[in-house]
Amino acid sequence: MSEHKEFVCINCGGRFNADPSSEKIFCVHCGAFQSERVKPELSFDERMSVLLTDYVRMTDGEERRLFLERNLRQQTAEQMDTKRLLLMQDLWSLRYRKSPLKEMRWADSWLGELQSWLTFSGKNNPKSHQRRGARGLEQFFNNKKLLKALEISNLPHSLPTDRSDPAYEPSYTLYYELLNMIYLYVGLCMKDKNYGSIILGIGRKKDSTIASKISEDFVELQMNLLSQGPDGKEGHGILTKALLDGYRMYFDKSFTLEY
């Protein structure tokens with residue numbers, strides 16, 4: 001018989017004992033189903049890795065909001081570090097707006113930004129369009145509300161490697177949100193009839209052809225709008241990594257983020 005271990009409910013924060021080898025675990029206080037991916041014996045870093053991967057793969061704004069609330073309650077109850085979750089919650093509030101459509105509760109304001117950057121970065125576009133796209137990127141990464149939400153005065157070009165760097169937590173928090181935006185965009189393109197149509201909406205390209213087109217669009221964005229190297233502009237290296245990882249994450253279901 002397996003030894004029972006203590007769980008903290010992801011919904012109400014109540015503590016209870018359960019067999020970690022059980023196929024499904026429910027809270028004895030509120031009845032909420034507990035994620036079988038997060039076991040009590042996992043270290044903090046391992047649990048955060050699972051949490052972040054699950055969160056980035058979520059594409060519904062309301063589901064993401066509730067997910068953050070549940071995990072904040074759980075980590076607060078366990079007296080664990082909640083700094084990154086709080087930053088993620090602030091970014092969620094900045095990214096989503098109430099939708100005027102009844103069938104959609106939240107509108108994603110960042111997805112339009114990505115579509116704009118991709119539109120202006122096309123290699124056949126005039127230089128004036130690419131300059132307009134570059135200005136849009138600069139405005140996004142230097143937005144005062146974004147920097148305030150991340151509790152940072154300015155973003156580095158790329159993700160810091162030193163955890164003691166004050167920009168480490170804000171940069172990675174932004175990377176996860178950009179990663180979700182890319183993951184969502186790839187999924188929408190793969191399912192969109194117009195994006196994958198051949199001519200005048202008649203017929204549909206193969207999934208491999210659509211995937212190649214998305215990849216080509218991302219490469220053009222990197223080549224024509226995103227600066228590279230240690231002296232690159234704020235946030236450009238973070239977005240470059242999000243483009244690469246978000247694309248891979250959509251097609252590689254085993255892709256897992258590290259905390």
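Predicted model: local features only at pLDDT ≥ 70, side-chain atom pairs only at ≥ 80, totals over all residues.

Reader: Where is S121 found?

Author: S121 is found in the loop between α4 (109–120) and α5. Its side chain also reaches the backbone oxygen of L118, at 3.0 Å.

Reader: Is S121 buried or exposed?

Author: Buried means under 20% relative accessible area. S121 has a relative accessible area of 1%, so this residue is buried.

Reader: Now for the helices. How is a pair of packed helices described?

Author: Two packed helices are described by the angle between their axes and the distance between the axes. Take helix α7 (residues 168–191) and helix α9 (residues 236–251): they pack at an angle of about 45°, with their axes 8 Å apart. α7 and α9 are therefore oblique to each other. The crossing in which α7 passes α9 is right-handed.

Reader: Which residues make the contact between α7 and α9?

Author: From α7 come S171, Y175, L178, L179, I182, Y183, V186, G187, M190 and K191, while α9 brings I238, L239, K241, A242, L243, D245, G246, Y247, M249, Y250 and F251. Sorted by class, the contact of α7 with α9 has 15 nonpolar, three polar and three charged residues.

Reader: Can we look at one residue of α9 in detail? What does A242 touch?

Author: A242 is found in helix α9. Not counting residues up to four places away in sequence, A242 touches Y175, L178, L179, I182 and Y247. A242 and I182 are 60 residues apart along the chain, yet their C-alpha atoms are separated by 6.9 Å. A242 counts as buried, at 0% relative accessibility.

Reader: At what angle do α3 and α7 cross?

Author: The axes of helix α3 (residues 83–95) and α7 cross at roughly 50° and come within 10 Å. α3 and α7 are therefore oblique to each other, and their crossing is right-handed. The contact is made by K83, R84, L87, M88, L91 and R95 of α3, together with Y168, E169, P170, Y172, T173, L174, Y176, E177, N180, M181 and L184 of α7. By class, the contact of α3 with α7 has 10 nonpolar, two polar and five charged residues.

Reader: And how are α8 and α9 arranged: roughly parallel or roughly antiparallel?

Author: Angles over 145 degrees count as roughly antiparallel. The axes of helix α8 (residues 207–224) and α9 cross at roughly 170° and come within 10 Å. α8 and α9 are therefore roughly antiparallel to each other. Here A211, S212, I214, S215, F218, L221 and Q222 in α8 meet T240, L243, L244, Y247 and F251 in α9. The residues of this contact of α8 with α9 divide into eight nonpolar, four polar and no charged.

Reader: What about the loop between α8 and α9? What is E234, a residue found there, in contact with?

Author: E234 is in contact with F141, N142, L155, P156 and H157, once neighbours within four places in sequence are left aside. At 31% relative accessibility, E234 counts as partly exposed.

Notes:
Residues numbered from 1 in each chain as written. Heavy atoms only, no water. Axes fitted to C-alpha atoms, helices over the stretch in contact; angles between N-to-C directions. Helix = DSSP H or I, 4+ residues; strand = E, 2+ residues; numbered from the N terminus. Parallel < 35°, antiparallel > 145°, perpendicular 65-115°, else oblique. Left-handed = near helix turned anticlockwise from the far one by under 90°. Contact = heavy atoms within 4.5 Å. Nonpolar A, V, L, I, M, F, W, Y, C, P; charged D, E, K, R; others polar. Buried < 20%, exposed > 50% of the residue type's maximum accessible area, 1.4 Å probe, protein only. Polar contact = N/O pair within 3.5 Å; in protein donor to acceptor, adjacent residues only side chain to side chain.
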